[in-house]
Each structure stands twice: as C-alpha cells, then as structure tokens.
Amino acid sequence: MQAIIDSLFTPIGSDGMIGILLILNGLKVTLLVTFFAIILGSFLGVCTTLMKMSGKWYLTWPANIYVSVIRGTPVVVQLVILYFIILASLDVDKITAAVIAFGLNSGAYISEIIRAGIQAVDKGQMEAARSLGLSHSQAMQDVIFPQALKNILPALGNEFIVLLKETAVIGFIGGVDLMRAGEIIRSRTFEDVAPLFTCAIIYLILTYTFTFLLGKFENRLKQSD
C-alpha cells in the first residue's frame with residue numbers, strides 16, 4: 001500500500017501532485033457519468049417498458065428493436081459509434097457523449113428488469129385495484145409499481161454496479177475517467193503495479209459501498225412489510 005501511495009506522488013513533469021490529481025479527477029468523471037447515466041437509463045427503461053406492454057404494435061416494435069440492438073452489441077462499440085459518428089457533427093463533449101451512450105445501454109437492461117418485475121406481480125392485484133374504481137394508470141402507479149419495485153430492487157442495484165464498472169471504457173473516446181487516469185500515470189511513470197492496483201482498489205471500495213447501502217435499503221423495505 002505504501003508503494004502505491006508513494007507512486008502516486010512521484011513527480012510527473014514539474015508537479016509531484018499530478019498523479020493524485022489525475023486519480024481524483026478521473027474518479028469525479030466516473031461518478032458523474034455513472035450518476036447521470038443511471039438517471040437517463042431509468043427514464044428510458046420506464047418508457048420502453050410502457051411501450052412494450054402497451055399492446056400497440058407501433059410502440060412495441062420500436063421498443064423491441066431498441067432493446068435487441070443495445071443488448072446485442074458491446075457497450076464500447078455503442079460508445080465509439082455514438083461519439084465518432086452519430087454525435088460527430090454536434091460538437092458534444094466526451095462526458096456528455098458517455099452519459100448518453102451508457103444511459104442508452106442501461107435503459108435497455110432496466111426496461112427488461114422492470115417488465116419482469118411488473119409481470120411477477122399477481123394479476124389479481126390489478127383486478128382488485130380496478131374493482132375499487134382505480135383507472136389502469138392509477139392502479140399501475142399506486143398498486144403494481146410499488147410491489148414491482150421491491151421485486152426488482154436487487155437487479156436494479158446490480159445494474160448500477162455493472163454500469164459503474166462499464167464506465168472504464170470511456171478512454172476509448174479520449175475521456176479521462178478513473179481507469180484512463182491510471183493508464184496515463186502508468187505511461188508517464190513506467191510503473192504498472194501501483195496505478196492499476198490503485199484503480200482496482202477504488203472500484204472495489206465504490207462497489208462494496210453501493211452494495212452495502214443497497215442492502216440497508218432492502219432491509220428497510222422488508223421492515224415496512
């Protein structure tokens with residue numbers, strides 16, 4: 001551990017703090033992209049689920065194509081195509097492009113998670129809600145979705161953790177995330193072990209922290225039952 005810390009403070013150029021600053025900046029980029037991508041992905045996931053369950057072909061068909069394309073191609077390919085081809089003429093910065101790419105990717109998986117959670121709720125719940133005078137949308141919002149959320153929470157948490165780790169490919173479009181920062185330090189110091197293990201340890205701490213918080217939240221929901 002001491003060797004890792006010493007390596008980060010090894011002078012790079014004229015400033016011995018560049019290593020640690022690169023790591024901190026890369027960590028900030030990783031967290032920002034993950035946070036906004038999961039928000040975008042959640043929104044797209046809900047919309048896609050409603051489209052797929054609408055029963056109308058002109059909504060179901062595009063939703064199915066979107067999910068099939070995203071799930072059938074690697075996220076790094078989606079990221080590169082989006083930044084260098086689709087958004088090339090719009091002068092979009094790398095962080096925004098990464099948020100859009102990862103949000104689109106996450107939305108496809110979240111939509112399937114939500115759909116499975118809704119279908120896992122007993123059909124009698126909807127019938128009971130409708131018999132009490134609730135409309136279909138009110139029943140979905142007040143009865144079905146709250147129950148589905150408890151069913152899908154572990155899968156949603158897992159998707160968040162997977163998304164956090166997937167952001168390590170931002171370097172393919174030139175973005176300096178946590179992993180890319182480690183690569184820059186490695187290329188300048190010619191030291192492989194310290195920067196790479198530092199990145200691995202930080203990812204491990206982040207995923208463990210989020211897993212712990214998610215577990216606490218799940219226990220709170222169980223107590224509310």
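Which residues in helix 6 meet which residues in helix 7? Hi everyone, let's start there. This is a predicted model, where local features need pLDDT of at least 70, side-chain atom pairs count only at pLDDT 80 or more, and totals for chains, interfaces and linings use all residues. Residues are numbered from 1 along each chain as its sequence is written, and side-chain values use heavy atoms, with hydrogens and water left out.

On the helix 6 side we have Gln125, Met126, Ala129 and Arg130, and they meet His136, Ala139, Met140, Val143, Ile144 and Gln147 in helix 7; contact here means heavy atoms within 4.5 Å. By type, the residues of this contact split into 6 nonpolar, 3 polar and 1 charged.

Now the geometry. Helix 6 covers residues 123–131, and its axis comes within 9 Å of that of helix 7, crossing at roughly 140 degrees. The two are therefore oblique to each other, as angles under 35 degrees count as roughly parallel, over 145 as roughly antiparallel, 65 to 115 as roughly perpendicular and the rest as oblique.

On to the rings: the structure holds 4 aromatic pairs, meaning Phe, Tyr or Trp (six-membered ring) with centres within 6.5 Å, stacked under 30 degrees between planes, edge-to-face over 60 and tilted for the rest. One of them is Trp57 with Tyr58, edge-to-face at 5.9 Å centre to centre and 85 degrees between the planes. Then there are Phe160 and Phe210, with centres 4.9 Å apart and planes at 85 degrees, so this pair is edge-to-face. It links distant parts of the chain, with Phe160 in helix 7 and Phe210 in helix 9, 50 residues apart.

Conventions. Helices (H or I, at least four residues) and strands (E, at least two) are DSSP runs, numbered from the N terminus. Axes are lines fitted to C-alpha atoms, for helices over the stretch in contact, and angles run from 0 to 180 degrees between N-to-C directions. Ala, Val, Leu, Ile, Met, Phe, Trp, Tyr, Cys and Pro count as nonpolar, Asp, Glu, Lys and Arg as charged, and the others, Gly among them, as polar.
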